[in-house]
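Reader: I would like a close look at one part of this model, namely the charged and aromatic side-chain contacts. Please take them one by one and say where each sits.

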Amino acid sequence: MNILSILVIIPLLTLLALFVSRNQRYVRTVAVAGFGLQLICAVVVAVQFLQLRSVSDEAMLLFSDTVWYAPFNIHYTVGVDGISVLMILLSAVVAFAGVFSSWNMERDFFAWYSLLSIGVFGYFISLDLFTMFMFYEIALIPMFLLIGVWGTGRKVYAATKLTLMLMGGSALLLTGILGIYFTSGATTMNIMELARMDSIPMHHQYWIFCLTFIGFGVLGALFPFHTWSPDGHASAPTSVSMLHAGVLMKLGGYGCFRVAIFLMPQAAHELSWIFLILTGIGVVYGAYGAVVQTDLKYMNAYSSVSHCGLVLFAILMLNQTAMTGAVLQMLSHGLMTALFFSLIGMIYGRTHTRDIREMGGMMRIMPFASVCYVIAGFASLGLPGFSGFVAEMTIFIGSFEHADLFRRVLTILATTTIVVTAVYILRTVGKVFYGEVQNPAHLQLDDAHWYERLSAVALIACIVAIGVWPSAVQGILYDSFAPVVEHLNIF
């Protein structure tokens with residue numbers, strides 16, 4: 001059996017094991033064991049990929065193909081390159097950390113959480129358009145229940161809004177996928193074969209590119225289709241916020257790169273300026289939106305709109321440096337926003353408020369959680385030594401490689417968000433963690449428990465590792481962009 005398929009089988013077995021677990025202690029054991037095994041499997045995939053890449057120049061490794069439905073040429077086709085491997089590792093780390101951040105959740109919650117994980121891992125290993133779309137939908141469907149049942153605040157409204165907007169994007173995406181299939185000759189849905197054929201007529205590429213980019217972009221917080229994100233994140237349970245912002249939003253950027261740009265390179269060249277304007281607005285708008293928030297979750301949600309907008313912004317620059325920065329940004333944002341939501345969940349679980357005006361002096365009350373929040377903040381504002389600096393600098397350098405004034409002006413505007421990010425991060429740190437205690441009852445609160453500390457430390461370790469040793473990540477990415485850039489440079 002292909003090891004990539006095991007990545008999908010493990011959460012499926014975890015889901016089945018949860019159904020026969022009645023005791024809460026067994027539920028936790030099954031969840032930890034299942035997602036721990038998933039993390040180990042992701043590491044094994046990365047090791048095998050690096051070993052194979054040293055002896056093979058194939059674009060996709062660990063390849064496997066099985067016919068599912070021959071009349072429509074639908075195959076279960078899986079394979080990975082460096083980008084896929086990094087997304088798998090990110091998903092495994094965040095999902096594993098999320099289990100410890102939801103330590104007291106019930107069995108059904110972890111069951112839906114496992115189903116969501118099946119969709120995520122299946123999506124990143126898929127090379128068949130229909131199979132990728134199927135796993136994409138499997139990842140989205142559990143979100144309604146995870147937020148609507150176990151969320152807080154206006155959870156039903158948030159879950160409904162998120163579901164409607166993302167399903168609307170899915171409708172555009174399905175139309176685009178069918179357009180790719182039929183306009184290319186209706187012979188294959190394999191992404192690599194479609195790219196080699198290059199048979200989609202230019203007049204079809206225009207509308208298919210728009211449909212697929214917007215369809216994936218809705219999940220990637222593309223402006224102005226981002227409005228589901230703040231409400232969804234604010235109402236979601238802690239681990240769902242971690243997985244949603246840390247991993248699910250990356251499905252959007254990954255899809256824009258893997259499908260829209262790779263399969264419609266001519267349209268990407270000619271229409272990129274339109275989406276660069278939208279993503280540029282999203283980057284700046286998200287940062288300024290975070291400045292005016294008083295709710296910690298909403299602030300982090302708007303920050304995610306800005307950071308994920310930067311991913312799409314970099315992809316649309318259509319050069320290798322900026323695209324490398326986009327992947328680094330997906331990794332960096334995935335880890336640091338998962339850390340943010342984990343810590344916000346710790347604070348909210350004790351203070352029962354996320355309003356920064358009602359908190360103060362938390363460094364004295366919860367020193368471990370407070371120090372971790374400061375570290376996450378430093379990573380978010382791009383302090384050297386953390387992953388955020390490496391990712392953002394790579395994006396800005398790659399974006400500024402373009403000689404045309406239009407792209408350089410947009411890049412300069414995007415860099416201003418570094419200052420804005422520093423404003424809302426440092427203001428929050430000063431008010432919440434170093435200000436005066438606003439509620440005397442908070443003096444009785446306890447600090448993070450061992451399972452919460454484990455979650456935070458795992459994420460911080462990854463953030464620091466990327467920041468001080470970025471060459472390890474870039475080594476995995478080596479040659480992964482070559483087929484795409486070569487394909488783009490033809491036009």
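**Charged and aromatic contacts**

Author: In this predicted model, the charged end of R154 sits over the ring of Y157, at 4.1 Å from the ring centre. A second contact of this kind has R354 over the face of Y348, with 5.2 Å to the centre of the ring.

Salt bridges come next; the count is nine. One of them joins D231 and K161, whose closest N and O atoms are 2.9 Å apart. This pair links distant parts of the chain, since D231 belongs to helix α9 (residues 228-235) and K161 to helix α6 (residues 155-183), 70 residues apart. D231 has a relative accessible area of 13%, and because buried means under 20%, D231 is buried.

Another salt bridge is formed by E452 and R350, with 2.8 Å between the closest N and O atoms. E452 lies in helix α19 (residues 450-468) and R350 in helix α13 (residues 320-351), so the bridge ties together parts that are 102 residues apart in sequence. Both ends are covered: E452 is buried at a relative accessible area of 11%, and R350 counts as buried at 12%. The pair also belongs to a network of salt bridges that links R350, D446 and E452.

D447 and R453 meet through their side chains in a salt bridge as well, at 3.8 Å from N to O. Here the two ends fall into separate classes: D447 counts as buried at 15% relative accessibility, while R453, at 33%, counts as partly exposed.

Turning to the rings, the aromatic pairs number 22. In one of them, Y136 and F216, the ring centres are 5.8 Å apart and the planes stand at 90 degrees, so the pair is edge-to-face. Y136 is in helix α5 (residues 129-150) and F216 in helix α8 (residues 202-219), so this contact ties together parts that are 80 residues apart in sequence. Y136 and F216 are both buried.

W450 and Y451 also make an edge-to-face pair, with 5.6 Å from centre to centre and 85 degrees between the planes. W450 counts as exposed at 54% relative accessibility, whereas Y451 counts as buried at 11%. Elsewhere, ring pairs link F35, F109, F110, Y113 and W150 into a cluster.

As for annotation, an unreviewed UniProt entry places the feature "domain: NADH:quinone oxidoreductase/Mrp antiporter transmembrane" at residues 126-410. In the model this span is 80% helix and 0% strand, and its end C-alpha atoms lie 33 Å apart.

How values were computed
Residues are numbered from 1 along each chain as its sequence is written. Side-chain values use heavy atoms; hydrogens and water are left out. Rings of Phe, Tyr and Trp (its six-membered ring) pair if their centres lie within 6.5 Å; planes under 30 degrees apart count as stacked, over 60 as edge-to-face and the rest as tilted. Helices (H or I, at least four residues) and strands (E, at least two) are DSSP runs, numbered from the N terminus. Buried means under 20% relative accessible area, exposed over 50%, partly exposed in between (1.4 Å probe, protein chains only). A charge sits over a ring if NZ of Lys or CZ of Arg is within 6 Å of the ring centre and within 35 degrees of the ring normal. UniProt positions are given in the numbering used here, feature names are shortened, and annotations may be inferred rather than shown by experiment. A salt bridge is a side-chain nitrogen of Lys or Arg within 4 Å of a carboxyl oxygen of Asp or Glu.
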